[in-house]
Amino acid sequence: MVSGDAGHWVLIRAGTLIDGEGNVAHHVEVLVHGEKIVHVGPAGSAPRVADEVTRIDASQDTLMPGLIDAHLHLTYSGHLGMQQLEWPRSLELAAVSAGANATKALRFGYTGGLDVGCRGKIGVATKAAIAEGTIEGPTLRVSGQIISPVGGPLDLWPSSMRLDPATRLAALVSGVEDARRVIREQAKDGVDNIKFQISGSTVQSKRRGRASFFSDEELRAAVGQAHDLGLSTAAHAEGPEAISAAIRAGVDTVQHASFIDDPTIELLSAHPDARLVFTLGVYDDIIHIGPSIGYPSEGSQRVRDVWERMVAAVRLAYERGVPFAVGSDAGGAVHPHGRYAREIVLLVRVCGIPVERAVRAATSHAARAAWLGGAGVIGADHDADLVVVAGDLVRRVELLEDDANIRVVMKKGRIVRRISGSEIVTTTIA
Ligand SMILES: [Zn+2]
């Protein structure tokens with residue numbers, strides 16, 4: 001019999017358990033004390049507890065680690081084209097949206113997230129609002145404005161049109177000293193992660209997302225600066241040249257990595273801490289939902305042209321045993337917040353990866369990518385970030401796409417969502 005000095009106890013009986021490291025088990029018990037998981041084992045194996053225990057009957061359900069979105073944009077909300085990321089929505093409206101988006105992510109079972117670029121300093125403010133309890137949201141690592149070269153893919157307006165720099169999505173820099181200055185400012189303001197836009201995007205007309213816009217020296221100096229300040233780094237890199245440049249510079253997450261190939265996989269083996277973050281969901285929605293909502297047809301055609309290649313890239317990483325995360329890039333009109341789990345569904349249905357292995361990309365591997373160390377695994381001493389999904393997820397991964405199926409969300413031992421009328425009861429077992 002064990003007794004808890006600090007924190008309450010929660011005992012969950014699960015019909016199916018997906019542990020976040022690629023394994024499935026059935027008829028499992030998980031005991032939580034305070035913020036941590038203290039026991040995982042077969043039904044009936046949990047130590048008896050003297051104190052009051054909250055019991056959750058998930059015997060018909062699937063228990064899995066809280067999900068982590070490794071490519072989140074808190075401030076994205078309803079834009080159709082790139083320029084709408086900065087105008088006409090005001091910075092203040094973007095801030096209010098960011099809070100709602102954070103809460104929505106939690107409702108869908110996402111207890112962690114890496115924001116990879118937001119307008120102004122909204123990411124830092126959103127994280128602070130969650131920390132002080134003003135709003136509910138995931139455990140976040142947040143970026144500031146995306147560091148992008150003058151004239152690069154996020155320099156969205158002609159020189160004659162001057163937007164207030166503070167309200168923009170991008171911090172436009174020219175040269176390495178300028179980048180260093182922005183990184184120091186962002187660190188001062190509380191950013192956790194520095195995001196670099198080093199290649200264009202597949203959907204843009206001029207820049208097909210191949211080469212890097214930064215020289216190797218510039219990128220290495222900027223990444224080194226961020227690391228010296230204790231910050232993680234992320235790079236938007238789609239083509240092999242840009243992906244290689246990011247890996248060589250020591251970037252922590254290579255975001256999108258859409259066209260990764262054999263040589264870049266080889267390069268990764270020499271940089272084992274770098275993590276790929278694939279983002280198939282947004283491209284899939286551009287193809288399938290885009291036409292019905294007025295998404296520019298040239299843009300969706302460009303994505304259609306390379307879709308098979310992007311799927312092959314994910315398959316290649318999987319077959320080579322390269323750990324990778326997924327991220328939603330959600331928030332545009334074509335791929336709104338709430339469609340986070342589309343990533344996992346596509347890994348299973350399009351890339352042919354078994355559910356329990358696909359889930360790693362949004363749990364343990366995403367935790368590594370997002371520097372959220374204790375999260376992403378159901379095992380003793382890990383963070384008690386847990387989700388109960390109604391039904392058997394191994395058979396129907398699509399259950400994750402509807403928040404009506406997300407019965408319970410626990411963040412660091414605290415139940416932050418439960419569907420009313422479920423069997424959650426508070427009781428004492430002696
Ligand atoms: Zn993005």
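The model is predicted. Its largest nonpolar core has 94 residues. The zinc ion has three named protein donors: His71, His73 and Asp329.

**Nonpolar cores**

- Leu276 and Phe324 touch the most other members of the largest core.
- Helix α8 (residues 297-319) supplies the largest share of this core, 9 residues.
- The core lies between domain 1 (9-66 + 377-428) and domain 2 (67-369), because both give residues to it.
- A second, separate core holds 17 residues, among them Val28, Ile37, Leu63 and Val408.
- Beyond its neighbours within four places in sequence, Phe324 is in contact with Leu276, Phe278, Val314, Ala317, Tyr318, Leu347, Ile353, Ala361 and His365.

**Zinc site**

**Glutamate 29**

- Glu29 sits in strand β2 (residues 24-33).
- Its relative accessibility is 1%, so Glu29 counts as buried.
- The Glu29 side chain reaches the backbone nitrogen of Gly44 at 2.9 Å.
- The Glu29 side chain also reaches the backbone nitrogen of Ala46, at 2.9 Å.
- Leaving out residues up to four places away in sequence, Glu29 touches Leu11, Ile12, Arg13, His39, Val40, Gly41, Pro42, Ala43, Gly44, Ser45 and Ala46.

Terms used
Residues numbered from 1 in each chain as written. Predicted model: local features only at pLDDT ≥ 70, side-chain atom pairs only at ≥ 80, totals over all residues. Heavy atoms only, no water. Core = buried A, V, L, I, M, F, W, Y, C linked by side-chain atoms within 4.5 Å. Buried < 20%, exposed > 50% of the residue type's maximum accessible area, 1.4 Å probe, protein only. Helix = DSSP H or I, 4+ residues; strand = E, 2+ residues; numbered from the N terminus. Domains from an automatic or database assignment. Contact = heavy atoms within 4.5 Å. Donors = N, O, S within 2.8 Å, 3.2 Å for Na, K, Ca; no water. Polar contact = N/O pair within 3.5 Å; in protein donor to acceptor, adjacent residues only side chain to side chain.
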